Amino acid sequence: MAQDAKEEKPPEAPEEIAKLHKYKGEADRNPRDVFWGLVKRYAEKEGFGEEAKKCAGEREALVNIGASVLLEEERTYRVKITKARLAECAMEMVVLGGWEDVFGRLLENLYERKKGPNLNMMLAFGNAAGKHGRVMEWMRKMLAEGRPHEPLLAYMAQLGDMGLVGSMKEQLIFIAKSEINEPQLYALEALAPLVKGDAAVKKVFMDLMDDWDVRAKKVVLESLSGIEDVEIGKKAVGAYVYEFDPYSKGLLKGIIKANRDSAREEFGKYVGKYNEKVNREMAALAEAVYGKKAAKEMLAGHGEAKAGAPRAE
């Protein structure tokens, strides 16, 4: 009669093999277990930095896991910790571990072009940049690469830290002047808080008042609105002539009003020298800025523009 297999006990592992579990290699460890072990150390403040250095061989997996966990519900976490603290832990893991080559990946994993940066990681990023000199060094390298790191620029733009942006001003100015699309847009958004108090930044924005990219131009014109500057006033009149976007035209009109004295002499360079539609628009602009009587006197002698200009709203 055959013996029931269920009644058989599994053979005991040889003593030599049973003892080998303590020599288990890193490749055999579950990266998710390693991640939560690090989180536990971070929460309890017990040897976190040193342990992060020891886990350098698994850094890519740990960064990917950290990003995915931040997108999960907190109730699934193995360690009691908030999302904000977990984001700090993931960032500190990279920084204290010296994992420079995956710093950009951490930001990239928690960035979407349509939604922007992850809020918790953005705050963790700002804190790390303020605390650790190596983070600033890594950022400078990334911004100097052939194609600037889009997620990093997005984090800088959304964070709005004037001190951080000021320390990276030269790199950001170069990107704003030489790049297109998202890199240029984020560089401009990051620099925007400096426009009023920094001549170099203001010059870049003034040069881009007639940029071909409507989104970049929107950031530029919104940032220059309300600033009183002779050159900005003059440039705004010339940009208005060639502007087709209604929103941008409205912003330019506001800039001209803020610099009405310096802009006045520019009207003679453009009014009466284009087609009827443009001439009438410029005449209406002059009336909106200076009033009907003053505009009529300004435009006298400039062809069709002096006659029948519609009243501005």
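Q: Which charged end sits over the ring of Y240?
A: The model is predicted: local features need pLDDT of at least 70 and side-chain atom pairs pLDDT 80 or more, while totals for chains, interfaces and linings use all residues. Residues are numbered from 1 along each chain as its sequence is written, and side-chain values use heavy atoms, with hydrogens and water left out. A charge sits over a ring if NZ of Lys or CZ of Arg is within 6 Å of the ring centre and within 35 degrees of the ring normal. Here K249 places its charged end over the ring of Y240, 4.0 Å from the centre of that ring.

Q: How many aromatic pairs are there?
A: A pair of aromatic rings is described by the distance of the centres and the angle of the planes. Rings of Phe, Tyr and Trp (its six-membered ring) pair if their centres lie within 6.5 Å; planes under 30 degrees apart are stacked, over 60 edge-to-face, and the rest tilted. By this rule there are seven aromatic pairs. The pair of Y111 and Y186 is edge-to-face, because the ring centres are 6.4 Å apart and the planes stand at 75°. This pair links distant parts of the chain, 75 residues apart: Y111 is in strand β1 (residues 111-112) and Y186 in helix α12 (residues 181-191). Helices (H or I, at least four residues) and strands (E, at least two) are DSSP runs, numbered from the N terminus.

Q: Is Y111 buried or exposed?
A: Buried means under 20% relative accessible area, exposed over 50%, and partly exposed in between (1.4 Å probe, protein chains only). Y111 is buried at 12% relative accessibility, and Y186 is buried at 8%.

Q: What are the distance and angle for the rings of F267 and Y290?
A: Their centres are 5.7 Å apart and their planes at 80°, so this pair is edge-to-face. F267 lies in helix α18 (residues 267-270) and Y290 in helix α19 (residues 276-290), 23 residues apart. F267 is buried, with a relative accessible area of 2%, and Y290 is buried at 8%. Elsewhere, ring pairs join F35, W36 and Y77 into a cluster.

Q: How many residues of α12 are buried?
A: Nine of the eleven residues of α12 are buried, and the helix is mostly covered. The buried residues include L185, Y186, A187 and L188. They pack against β1, α9 (150-159), α10 (162-167), α11 (169-178), α13 (199-207) and α14 (214-224), contact meaning heavy atoms within 4.5 Å.

Q: Which residues does V94 touch?
A: Leaving out residues up to four places away in sequence, V94 touches V63, W99, V102, F103, L106 and W138. V94 belongs to helix α5 (residues 83-97) and is buried at 1% relative accessibility. The C-alpha atoms of V94 and V63 are separated by 7.8 Å, although the two residues are 31 residues apart along the chain.

Q: Which residues line the largest pocket?
A: Rolling a probe the size of a water molecule over the atoms shows where empty space is left. On a 1 Å grid over the protein atoms alone, a pocket is an open set of points where a 1.4 Å probe fits, with protein on both sides within 12 Å along at least five of seven lines; lining residues have an atom within 4 Å of a point. The lining of the largest pocket consists of V241, Y242, E243, F244, K249, Y274, N275, K277, V278 and E281. α19 gives the most to this lining, with three residues.
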